[in-house]
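Here is a short tour for anyone who likes to look at a protein one neighbourhood at a time. Please keep the structure open beside you as you read.

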Amino acid sequence: MPLIESEEHKALRAAVSALGHKYGRAYFTRTVEEGRPATELWSEAAKLGYLGVNLPEEHGGGGGGIAELSIVLEELGAAGCPLLLMVVSPAICGTVIARFGTEEQKRAWLPALADGTRVMAFGITEPDAGSNSHRITTTARRDPATGDWLLTGRKVFVSGVDIADATLIVGRTEDARTGRLKPCLFIVPRDTPGFQRHKIDMELSAAEKQFELVLDDVRLPADALVGDEDAGLLQLFAGLNPERIMTAAFAIGMGRFALSRAAEYARERTVWKAPIGSHQAIAHPLAQAHIDLELARLMMQKAAHLYDAGDDVGAGEAANMAKYAAGEACVKAVDQAVHTLGGNGLTREFGLASLITAARVSRIAPVSREMILNYVSHQTLGMPKSY
């Protein structure tokens, strides 16, 4: 894995950064206040090829990988415009369909995901399962008369269902050989009968709304199943590793934005004839925040490199570590940025206060920091399971 970014990656960073700053934090905040997604930015990013940079060229994408897509999300976040649906639509759903979808599914979805004309949501979390994918109760059974699938269950905290054309739902089917339930993924179009959504009232200010989903004998054709019915876990984690890597990019970008605002303020704000940044009590915590963000980025790049190289096992460990490190670094950077500005850190003018709750998301979702510590302790260090 190269420790120094290639010229191509540097050029991509610069180009995406320019796009992000063209819109800026004020634009992004306005869309949130208006209760709508950042459609203009999403469309222009798609037109320039950034949304589909990780998808296959033969299906309208850029032919790159998660390494490139994470750069896009990080730089947009650093400009104050973090597009949460990038974690879901091209990274999770696009990757799963590209790797495991039928040719028909690839033709139907990948070009549209790449050019931004279609969006997919991802439903895995359930009220009684949380981070435990083995306790998912959304079940799918065959209709013996038609061969259709019938899905029944509930999902919570699903982002952007109202604007998504379909949701990739994680359900479970019965293994004919063992009778045990195994995970499977289904494409559920938004207007499918029996597929209900209810908006969750969130304190979090975000362009993408959160929903609870209810699936009441949702009937789907046989070809709604993505990939092989017997390869459920492999297909599921093919989407979860990019999710963790992209969440790290989301967090790092957010942290960089907050840090840049704080550093600029500390250089210019003068008290007692000296900029406050000349005082170590201000400068050192900002320097520590920068170091933590840079270290998290290195782990994120390692995870993306391993994933793009086809090492799903190695990527799993690195992706979890990257998500953990980035979440911690983001929360600290945002907190220190707000503290640096004092009362100004809570004003709309500087755009930092709304990041206080947003930064917490990177610690909580898509898997909590405690579950990552569990993973590392028993998968990496060989400790006995505590659960």
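Let us begin with a cysteine: Cys-184 is buried, its relative accessible area being 1%. This is a predicted model, and the values here are computed from it. The cysteine sulfur closest to that of Cys-184 belongs to Cys-93, and at 16 Å it is too far for a bond.

How many disulfides does a search of the whole structure find? The search returns zero. As a reminder, a disulfide is a covalent bond that joins the sulfur atoms of two cysteines. For such a pair, the sulfur atoms would have to lie within 2.5 Å.

Helix α8 covers residues 312-341 and helix α9 covers residues 354-364; the two pack at an angle of about 165°, with their axes 8 Å apart. That angle makes α8 roughly antiparallel to α9. The crossing of the two helices is left-handed.

Another residue of helix α8 is Gln-336. Is Gln-336 buried or exposed? With a relative accessible area of 16%, Gln-336 is buried, because the cut-off for that class is under 20%. Leaving aside residues up to four places away in sequence, Gln-336 touches Pro-285 and Leu-286.

Finally, there is the start of the chain. Met-1 lies in the segment before α1 (7-33). Met-1 is partly exposed, with a relative accessible area of 42%. Not counting residues up to four places away in sequence, Met-1 touches Leu-298, Gln-301, Lys-302 and His-305. Met-1 and Thr-357 are 356 residues apart in sequence, and their C-alpha atoms are 34 Å apart in space.

The table gathers the accessibility values.

| Residue | Relative accessible area | Class |
|---|---|---|
| Cys-184 | 1% | buried |
| Gln-336 | 16% | buried |
| Met-1 | 42% | partly exposed |

Conventions:
Residues are numbered from 1 along each chain as its sequence is written. This is a predicted model: local features need pLDDT of at least 70, side-chain atom pairs count only at pLDDT 80 or more; totals for chains, interfaces and linings use all residues. Side-chain values use heavy atoms; hydrogens and water are left out. Axes are lines fitted to C-alpha atoms, for helices over the stretch in contact, and angles run from 0 to 180 degrees between N-to-C directions. Helices (H or I, at least four residues) and strands (E, at least two) are DSSP runs, numbered from the N terminus. Angles under 35 degrees count as roughly parallel, over 145 as roughly antiparallel, 65 to 115 as roughly perpendicular and the rest as oblique. A crossing is left-handed if the near helix is turned anticlockwise from the far one by less than a right angle, and right-handed if clockwise. Buried means under 20% relative accessible area, exposed over 50%, partly exposed in between (1.4 Å probe, protein chains only). Contact means heavy atoms within 4.5 Å.
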